Amino acid sequence: EILATPSDNFILPQNVLQLNVTNNNYTDPNNLKFEEIKILGLLQEPVAVSVLQNNVVQNSSHNITYDPVNKVALIQGLQLELGTSYSLRWTPGTSVNEKYDCHPGLNASKEKCERLGCVWIEDTSGLNVPYCHYASPDNFYSASAVRYTASGVTADLACNKSHLEVSENSPAPIGTLRLEVTYHSDHLLQFKIYDYANKRYEVPVPLNLPAAPESAVGSRLYDVTVQNKPFGVQVRRRSTGTVIWDSQLPTFTFSDAFLQISTRLPSPYVYGFGESEHTTFRRDMNWNTWGMFARDQPPGYKLNSYGFQPFYMALEEDGNAHGVLLLNSNAMDVTFQPTPALTYRTVGGILDFYVVLGPTPELVVQEYTALVGRPVMPPYWALGFQLCRYGYENDTEVARLVEDMKAAGIPYDVQYTDIDYMERQLDFTLSPRFAGLPALINKIREEGMRFILILDPAISANETDYLAFTRGLEKDVFIKWPDSDDIAYAKVWPDFPNVEVNDSLDWDTQVELYRAYTALPDFFRNSTAEWWAREIAEVYSNPREPAKSLKFDGLWIDMNEPASFVHGAVGGCRNQELNFPLYIPQLGSRGEGLIFKTLCMEAQQFLPDGSPVRHYDVHNLYGWSQTKPTLDARFSSNPSPLTFPASSCEIDATLATPSEKNRNYFYLIYFYFLAGMMEFSLFGISYTGADICGFFGDSEYELCARWMELGAFYPYSRNHNGKGNKRQDPVAWNSTFEEISRNVLNTRYTLLPYLYTLMHEAHAGGSTVVRPLLHEFVEDKTTWEIFKQFLWGPALLISPVLEQDEYIGFRGEFRNLSSPLGHINLHIRGGYILARQSPANTTFYSRKNPLALTVALNDSQHAEGRLYWDDGVRIDAYEDGVYLLTSFTA
């Protein structure tokens, strides 16, 4: 008999395992030896194991493997004789992949690190391994009063971290925490960590949750375990035993302005988190940190951009998929490391997680959009090709463009005007240079086209007769300083009255000299929604000057991060702690604080129930709060509800316009925008696309031609560029360019019945439109890395030209396909049917053509057919002559 005991009641402070012989009346004739020992419950990896006999170290070679999820160490290669007592001693260590950053803030140093009780080891590998990492696996929180029920788990959390110094990135921890786990359904669970003793800000966005938990013990896809000390939550997929969330890690802390939690991941295949320019669809796990905070920031590597999407999907090694949403709207960042693991850090609110279990990637998106809201259904015309630019000189230029496009026979449904059409960029006004715009809009609408106007939220306060501002004052709609009647003024686009702008001056000087003070509406207020709807209605039907009525078909809402051209407010901000909190997430221009390009964080807003909230907490919800009242606007002069295609979805769409303002480099087409479209699909935003040919700088001929070929397969297909750059629309180049554009857009318009049906399926059931290959072929692990091709639904693969001599996936092989200029490779999947229509110059006319079918057979052949009303094919009318193919007989 051998008794193996850890010291001191299983806590192992001495890291010793004693093997004592208690009865030695047996002699083994075969000289058997113990060759391996498994130690359970070790919170740290054992390194430098020594074997001692009678306090003498024995010479032996052994191998150590450690399972950090299950906290199990296996020591192999031992030679322990029967009948002999031994001691095993080891040093607890931290492998490189297990190092969690203990000082993620600015100006980390060895002294600051050690004051936090952490270890400073400078890394020379060049892998961005954190110099300062936690010395202990303990996160100083422990769970008590853990109670498991059929509908969830509850526990109280206590903190014993008071002995550590309270300093940078380590503010006073909150010890009155509660954990609530709710089993909402068999595939959806929530775990929420909050301060039960003090009310804190929580995201005021309603989710689609059942009134009471609907899961059943026998059919749930998951099991949840609360780990007591150190505290952690573990979620395990029941069918496979895979742990998909494990937060028993040293990083967990919960303070007033710094919340941090880490989780181990089941694999390094993680997708999502936005909006930032990511270099691949899959996140890079090699010690990368990405900030999330809505900002008027063009795409750039690790620069937080227009939107805020704290959701990810992860694949498990066996191909199962799950998704995780952190419902928190404060500034945050997420660090990925090769453990694999990720760490969330946010500066306010609570930790409120929602996990969907899939198990397929498509089911993850469907379950997620069921929770947060399905994608909106765009009208059929919004799937047509669209043109816009910032910098049209007058309505004559726009009218000439429309005629040139018609003359070239290039399919084209929607024309925009950017802020040029306004007088001095004032919302709800019409510039004298665009006096003919109302008539032009009426003309193109009669010809089957549509027109979209831009609106920004910022309202000029430097006017003598500006109803939008005076009525806003009357309705009390503008964001103010806390507990004050003073408006927190920003500066955005409107110019001061009676000034002549000198464009040769640098930007900041122009802002100081020429930009007017602007008031930002608080779109959470009910009064703001009423005011906003009235102002929009009077653009559509101008009651004072009917000849200026602009009968637009959609609205493009922009600059609603919200943007400001002064950092914070005119005259500066008033609360240093909120604008420069103890921890500033790793954002672009991090040293400028949270106010960079936006409003002061202490500015006060009011929820619909009258509750005051700080902009600090709801900044990332500003675009979302503007989207709903814009969608809800109705006009008595236009009985049909207006559809606003620039509103991408009804929740978390803090980016209310599709991705724009990109730079004109070939690599960015796929490095950011193909991966970005796939990410937006994960987020439940189907109607998305990049500015074809780029926004900044002058585009180049071949780049723009290739981009037109690619952009014809964006769900939102718009060519748009910036002021001062040369034209890049299809009729701005030469006849060859026109032919390329005409041909590829005719292909798009031919396939619009299929695209429209995909949009309806996304709206009704939450499926993706732009679809990564892994969604259809997850059993092929090669697809987990592919992002330079994408699918429309399950059946059409688009392989754009992105670089010279590229390789294209082909039935599990890599093939080089010919793609001369004017050609883009499309692949139809065997076993699927694509509905088609003959194209026309607008969707208004093309949808009057009969539907046809392309049937792709599994032997790479295909057949053609037409749809007739009496041959067993069922077609349902959906919108004004647009049809959805719902079933068929072949």
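Q: If helices (H or I, at least four residues) and strands (E, at least two) are DSSP runs numbered from the N terminus, how many helices and strands are there in the chain?

A: The chain holds 16 helices and 47 strands. This is a predicted model, in which local features need pLDDT of at least 70 and side-chain atom pairs count only at pLDDT 80 or more, while totals for chains, interfaces and linings use all residues. Residues are numbered from 1 along each chain as its sequence is written, and side-chain values use heavy atoms, with hydrogens and water left out.

Q: What share of the residues in the chain is buried, and what share of the contacts joins residues at least 24 apart?

A: Of the 890 residues in the chain, 58% are buried, a word that stands for under 20% relative accessible area, with exposed over 50% and partly exposed in between (1.4 Å probe, protein chains only). Contact means heavy atoms within 4.5 Å, and among contacts between residues at least 6 apart in sequence, 69% join residues at least 24 apart.

Q: In what order do the 8 strands of the open sheet lie?

A: Strands of a sheet pair through backbone hydrogen bonds, either parallel or antiparallel, and two strands are taken to pair if DSSP finds at least two bridges between them. Here the order is β11-β12-β13-β14-β26-β23-β22-β20, with antiparallel pairing. Its edge strands, each pairing on one side only, are β11 and β20 (270-274), and from one strand to the next the twist averages 15°.

Q: Which strands does helix α2 lie across?

A: Helix α2 (residues 361-372) lies across β14 (188-195), β22, β23 (321-326) and β26 (351-356), and runs at about 30° to β23. Such angles run from 0 to 180 degrees between N-to-C directions, the axes being lines fitted to C-alpha atoms, for helices over the stretch in contact.

Q: How do the axes of helix α3 and helix α4 cross?

A: Two packed helices are described by the angle between their axes and the distance between the axes. The axes of α3 (residues 395-408) and α4 (residues 437-446) come within 10 Å and cross at roughly 20°. That makes α3 roughly parallel to α4, since angles under 35 degrees count as roughly parallel, over 145 as roughly antiparallel, 65 to 115 as roughly perpendicular and the rest as oblique. On the α3 side, the residues that meet α4 are Asp 395, Val 398, Ala 399, Val 402, Glu 403 and Lys 406, and their counterparts in α4 are Leu 437, Leu 440, Lys 443 and Ile 444.

Q: Is Thr 251 buried or exposed, and where is its place?

A: Thr 251 is buried, with a relative accessible area of 1%, and its place is in the loop between β17 (243-246) and β18 (253-254). Leaving aside neighbours within four places in sequence, Thr 251 is in contact with Tyr 100, Tyr 134, Asn 139, Gln 260, Ile 261 and Ser 262.
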